[in-house]
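Subject: Handover of a structure and findings

Dear colleague,

Please find below the structure that I am handing over to you. My findings follow directly after it.

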Amino acid sequence: MKPEDIIRPENKVYARPELLTDRDTHYCPGCSHGVVHRLVAELLAEMGLADKTIGIAPVGCAVFAYNYINVDWIEAAHGRAPALATAASRLNPDRMVFTYQGDGDLAAIGTAETIHACNRGENITIIFINNAIYGMTGGQMAPTTLLGMKTATTPYGRTAELNGYPLAITNLLAQLDGTCYVTRQAVHTPAAVRKAKGAIKKAFENTLGKRGTSVVEIVATCNSGWKLTPAQSNEWMAEHMFAKYPLGDLKNE
Amino acid sequence: MAKVYGAVTIDSRRCKGCELCVVACPCDVLQLQPKEVNDRGYHFAYASKPEACIGCAACATVCPDACIEVYRVVDRGN
Amino acid sequence: MEEVRLMKGNEAIAHAVIRYGADGYFGYPITPQSEVLETLAELRPWETTGMVVLQAESEVAAINMVYGGAATGKAVMTSSSSPGISLKQEGISYLAASELPALILNVMRGGPGLGTIQPSQADYFQATKGGGHGDYHLIVLAPATVQEMTDFVALGFDLAFKYRTPAMILADGVVGQMMEKVVLPPQRPRRTEEEVRAQCPWAACGRGDRAERNVVTSLELDSARMEVNNNRFQATYRAIEEAEVRYQEYFTDDAEYLIVAFGSVARICLKAIEDARAAGVKVGMIRPITLWPFPSKEIARLSAQVKGILTVELNAGQMIEDVRLAVEGRVPVRHFGRMGGIVPNPGEVADTLRREFDVEL
């Protein structure tokens, strides 16, 4: 068959999600954020939630998430997204409220807001991008940075003596009575992306069903910060990150 | 036996040449342009072996910039 | 029929915010204002009006809950006292920058640091000059009575929504803690979803049938556009200065000396003024009700009439700077204040008038 016979509307099996705006993202080539944005846009459209969604954007690389997914958004101060989401959700209980946060936002400056929103069992979804580095500010150490990992503020590698240990905060969140679904996913292969999409869908369903807080951690790459190519970053992640942050459900009630 | 024909279109303006689609493709359909670049200076992806495409959408699934669309025809021989 | 009750200022706030038809309150305990959250919890408005009341994990979380709620167009408030208000400054700056209406109550205690739990007015600078980072102002209302505590809830919310800017009730610990007679306003219904969307077309409350989505953000990396935003904020502040200055005058018609005082201190000064007048010294007073916008024009006008001005504050001299800016050196402006939670008596005010202006008292 010739390409022109295949490339016809009736044969289309994958299209750019309509809920993505036309803007090009500011993310570096190969950044995991783009894949997760795409999944969120696909799901909100597929689940018919575009008109009732309130997204809460963080400070960090995803600060401009609101430029890309065409729903109502509120931009939070650094770390405060779960506090905003708490009020947005409680005051608008029939809305689909989700936060989109990085590791610095969720696991360092926003630790209190994150833990307490989860502990109260707020009916929100928290999408947590863990790439073990501060991307937006130029590659500094994150709470999730692995031991030995070189960053702008651990130029000789993170040591436990100086910087403490990498924080698997999702494990902590799974211990809280308020969370109903806590899972750790990745988007480095087609199969992983499909699983991650299923996880975010389950989280959104929990939020709609008022079952408590759902947390979807995406172990992700920051190839600029890691100083690797996108493909190398995926390999490095599979080799090193998954040992500390193994994929799979931590809680599914 | 049914035969599957696939094809992709790539928004070369939007593509950042990250190469993740090239790695994900099980049929080695895609490559980055070796010399040509888009407006932003990226060696964008293109189908160098379009006839090998089975329309599995692995490339689009891992694309961070949502710039790949996928088409598939299943020819059942009738 | 009028509903007259005897209660603390902090308790009155709780009743007033429910009766205003507010949608949410988010707070964190701190002396001397914990009665606000306690009274709300006792009144359980979520069972009557549907108002959300939540004890947050911190003042930072509470103000950011206010930010999240306000961004969806809801009428929300928080309250705290001085150290907690310092923690809230991040969120307050974001509220101002995102042009969100909200009501914040500060029942001031003595600082700096952990300071004391006794009454103070030492957060005047913080409240009237912005408080957090960036060029912004809050509308600042200073109640002197429990009745004003009550009434300023509605006034604060109305002004906040009118100008899309946060408003603050800046009460000293005396007004928060003392019990007085108060007439409570009638219960207003909370706005419906349709009314919220009509009043707040900018609200990020889910697109619904709106043609365009809404984004509430304070971020603008393009400096030229950020200056446009800042100019818009400033234009709002000029409009507020033009239309919303509030103050009360006492015996100013024939005054030869003027006291400027706000909050509970103004009531102490009133007693000093009565004593002075009984002794033949014509003292008057202006009590700013809005600390921002400040009644500069009225003070400037009176400065042409009087021989001297005394500011009396529960601090080391903060409002005096705004009085001096208004007076532009026409007459001497002096300060009397007590700090660390000590409330002066009328005799001390009279002593200061005698000392500073050489009057026979």
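Among contacts in chain B between residues at least 6 apart in sequence, 68% join residues at least 24 apart; two residues are in contact if their C-beta atoms, placed from the backbone, lie within 7 Å. Please note that this is a predicted model, in which local features need pLDDT of at least 70 and side-chain atom pairs count only at pLDDT 80 or more, while totals for chains, interfaces and linings use all residues. Residues are numbered from 1 along each chain as its sequence is written, and chains are lettered from A and ligands numbered from 1 in the order in which they are written.

Chain B

Chain B has 78 residues, of which 46% are buried. A residue counts as buried if 20 or more other C-beta atoms lie within 10 Å of its own, as exposed if 12 or fewer do, and as partly exposed in between, with C-beta atoms placed from the backbone. The C-alpha atoms of chain B fill a box of roughly 45 × 20 × 20 Å, taken along the principal axes. Two helices and four strands are found in chain B, and along the sequence they follow the pattern β-α-β-β-α-β. Helices (H or I, at least four residues) and strands (E, at least two) are DSSP runs, numbered from the N terminus.

One residue of chain B deserves a separate remark. A57(B) lies in the loop between strand 3 (45–47) and helix 2 of chain B. Phi of A57(B) is near 70 degrees, a positive value in a residue other than glycine. A57(B) is buried, with 21 other C-beta atoms within 10 Å.

The contact of chains A and B

The contact takes 30 residues from chain A and 28 residues from chain B. On the side of chain B that touches chain A, the elements giving two or more residues are strand 1 (3–10), helix 1 (20–24), helix 2 (58–62) and strand 4 (68–75) of chain B. Strand 4 of chain B contributes the largest share of that side, five residues. By class, the side of chain B that touches chain A has 17 nonpolar, five polar and six charged residues. Here Ala, Val, Leu, Ile, Met, Phe, Trp, Tyr, Cys and Pro count as nonpolar, Asp, Glu, Lys and Arg as charged, and the others, Gly among them, as polar.

Three strands form an open sheet in the order 1(A)-4(B)-1(B), with antiparallel pairing. Strand 1 of chain A and strand 1 of chain B stand at the edges, each with a single partner strand, so one side of each is left without a neighbour in the sheet. Two strands pair if DSSP finds at least two bridges between them. Strand 1 (residues 12–14) of chain A is joined to strand 4 of chain B by two bridges, and Y14(A) has V70(B) as its bridge partner.

The contact of chains A and C

This contact takes 29 residues from chain A and 33 residues from chain C. Helix 3 of chain A gives the most to the side of chain A that touches chain C, with eight residues. By class, that side of chain A has 16 nonpolar, five polar and eight charged residues. Strand 3 of chain A and strand 9 (residues 215–216) of chain C run parallel and are joined by two bridges. In strand 9 of chain C, V216(C) is the bridge partner of I74(A).

Local features of chain C

Two cis peptide bonds may be examined in chain C. One joins T31(C) and P32(C), with omega about 5 degrees, and P32(C) lies in the loop between strand 2 (24–27) and helix 2 of chain C. Another runs from G111(C) to P112(C), with omega near 0 degrees; P112(C) lies in the loop between strand 5 (102–108) and helix 5 (124–128) of chain C.

D358(C) lies in the segment after helix 13 (346–357) of chain C. Phi of D358(C) is near 55 degrees, a positive value in a residue other than glycine. D358(C) is exposed, with 9 other C-beta atoms within 10 Å.

With kind regards
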